[in-house]
Amino acid sequence: MEYNYPKFTPEMKKTHTILIPNMAITQFRLLEYALRYDGYKCEILGNCGSAVAQLGLKYVHNDTCYPALLVIGQFLDALNSGKYDLDHTALLITQTGGGCRASNYIHLLRKALHKAGYDYIPVISVSFGVEKNPGFGLSLSLIRKLAYAMLYGDVIVDLANQVRPYETTAGDADRMTEQWENTLVESFGKGKRMRFPAFVQTVKEIVADFERIPVRQEEKVKVGVVGEIYVKFSPLGNNNLEQFLLSEGCEVVVPGLTDFIIFKIFNRVTDIELYGGSRIKYLACKALMNYVVRRQSAVIDIVGKSRFRAPTHFETIHRSVHDYLGDGNKMGEGWLLTGEMLELIHEGIPNIVCTQPFGCLPNHIVGKGMIRPLKDDYPDSNIVAIDYDPSATAINQENRIKLMLAVAKERL
C-alpha cells in the first residue's frame with residue numbers, strides 16, 4: 001500500500017526526540033552523545049525481552065531478516081510504552097542500499113508503523129544518498145564526531161574483553177568501561193578529544209588505565225565472534241552470546257565496528273573503479289576512508305606497543321581474503337566476514353562462532369559457505385555457524401556452541 005510518509009523537517013530538530021535501535025552498546029552510547037552535541041535530541045533504546053520479538057512477528061513477515069524484525073519490534077515496543085510524546089518523536093534507522101534484505105528495513109518499518117497506527121511518526125534514513133531527510137544531514141562536523149565515537153568505543157570494548165575473563169576483582173573491566181564512557185561523553189560536550197593529537201593521547205590513556213587493572217596469569221579458550229553486523233554485536237540479536245561465552249570460561253574476541261564502516265566506504269570506491277561513476281563521489285569516499293584508516297592505524301600502533309592484542313589493519317584483512325573471494329562479494333558483510341575469520345585464525349584464535357540470521361543468503365555464502373575452504377587450509381580452525389531466528393531456541397544454539405567449545409578446551 002502506498003501512502004505519503006512524514007518527513008523529518010529542520011524544525012523537528014529542536015522539538016523531536018529521535019529513537020535509535022541499540023546494537024553495539026558502548027559504541028552506540030558514544031554515538032548517541034555525538035549526535036546530541038550536534039544538536040539532535042536522541043535516545044538509544046534499551047528495551048529487550050520477548051515482547052520485542054513478538055511485536056516484530058506481529059507486524060513483520062516472519063521470512064524477513066531477523067534483525068529487521070527485532071529492530072522494528074524494539075521501535076514499536078518503545079512507542080507502545082507510554083514513555084514518549086508521540087507527537088514529538090522520530091525514529092532513525094540506517095539504510096545500506098546494498099543487495100541484501102537490510103535495504104528494505106526502512107520500507108518495512110514504515111509499513112509496520114502504518115499498520116500499528118503510527119504512520120504520523122517520521123523515520124530518518126541514514127544512508128549514502130539512498131534517501132534524503134530535510135532535517136537531518138551528515139555534515140563533515142557530524143561525520144567527524146561519529147568517527148571518533150566509533151573508534152573510541154572499539155578501543156574500550158576490545159581492551160575490556162581482553163581484561164574481563166582474567167580480572168582479579170570482578171567488575172573492574174566494566175567499571176573502567178563506564179568510567180571512560182562518562183569521561184568521553186563529558187569531553188564531547190566541550191569539544192575536546194575530537195582532534196587527531198588529542199585522540200592519540202586519549203587512546204594512550206585508555207590503554208594505560210586498562211593495563212593497570214590487576215589480572216590473573218592464566219590461559220583461557222579464546223573465541224572469536226563474527227557474522228551479520230547486528231546479530232554479531234547485539235545481545236538482543238544473539239541471545240547474550242558474549243555473556244554465555246564468558247560463563248563458559250572463555251575470552252571473547254569481537255572484531256570492531258570500524259572495519260565494517262571502512263568496508264562500506266571501500267565498496268563505494270571499488271564500485272566507481274570497476275564500473276565508473278562520479279569523480280567527486282570517488283574522491284570524497286576515498287578521503288573519508290583514509291581519514292578513518294589513519295586513526296585506526298594509530299590505535300593499532302598504540303595497542304600493539306602494550307600487553308594487549310592489537311586489531312589487524314584493514315588492508316591486511318583485505319589482502320588475506322584475495323585467495324578466497326573477490327571484491328565483488330560485498331552484499332551484507334561480504335568478503336569482510338571471511339576476512340575477519342582469517343584475521344582471527346592468523347591471530348591464533350581458531351575457535352569462531354559465526355552468527356547469522358536464518359536465511360541470510362549473503363552471510364550463508366561468505367560465512368557458512370567458507371568454513372570448508374578455511375578448514376582445508378587451516379585444519380585447526382574450529383568454526384560453528386549459528387542461525388538466529390524467532391523460532392530458534394537459545395538452548396539449541398548454546399548446545400551447538402558447547403560442542404565447539406569441547407573441542408577447543410580439549411586442544412587447550
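Helix α17, which runs over residues 394–411, has 18 residues and reaches 26 Å from its first C-alpha to its last, close to the 26 Å expected at 1.5 Å a residue, where the expected span is 1.5 Å times one less than the number of residues. Helices (H or I, at least four residues) and strands (E, at least two) are DSSP runs, numbered from the N terminus. The structure is a predicted model, in which local features need pLDDT of at least 70 and side-chain atom pairs count only at pLDDT 80 or more, while totals for chains, interfaces and linings use all residues. Residues are numbered from 1 along each chain as its sequence is written, and side-chain values use heavy atoms, with hydrogens and water left out.

Within α17, the residues Gln397, Ile401, Met404, Leu405 and Ala408 are buried. These residues lie on the same side of α17 because they cover an arc of only 105° around the axis, the arc being that of the directions from the helix axis to the C-beta atoms. On the other side of α17, Leu403 and Glu410 are exposed. Buried here means under 20% relative accessible area, exposed over 50%, and partly exposed in between, with a 1.4 Å probe and protein chains only. The buried residues of α17 pack against the strands β5 (221–227), β6 (250–253), β7 (351–357) and β8 (382–388), and against helix α10 (241–247), with contact taken as heavy atoms within 4.5 Å.

The closest N and O atoms of Asp387 and Lys368 are 3.8 Å apart, a salt bridge being a side-chain nitrogen of Lys or Arg within 4 Å of a carboxyl oxygen of Asp or Glu. Asp387 is partly exposed, with a relative accessible area of 21%, and Lys368 counts as partly exposed at 36%.

A search of the whole structure finds 16 salt bridges. One of them joins Asp174 to Arg164, with the closest N and O atoms 3.0 Å apart; Asp174 belongs to helix α7 (residues 172–189), whereas Arg164 sits in the loop between α6 (140–163) and α7, ten residues apart. Asp174 counts as partly exposed at 41% relative accessibility.

Another salt bridge brings together the side chains of Asp271 and Lys330 (3.5 Å, N to O). This pair connects helix α11 (residues 257–275), which holds Asp271, with the loop between α13 (314–320) and α14 (334–346), which holds Lys330, 59 residues apart.
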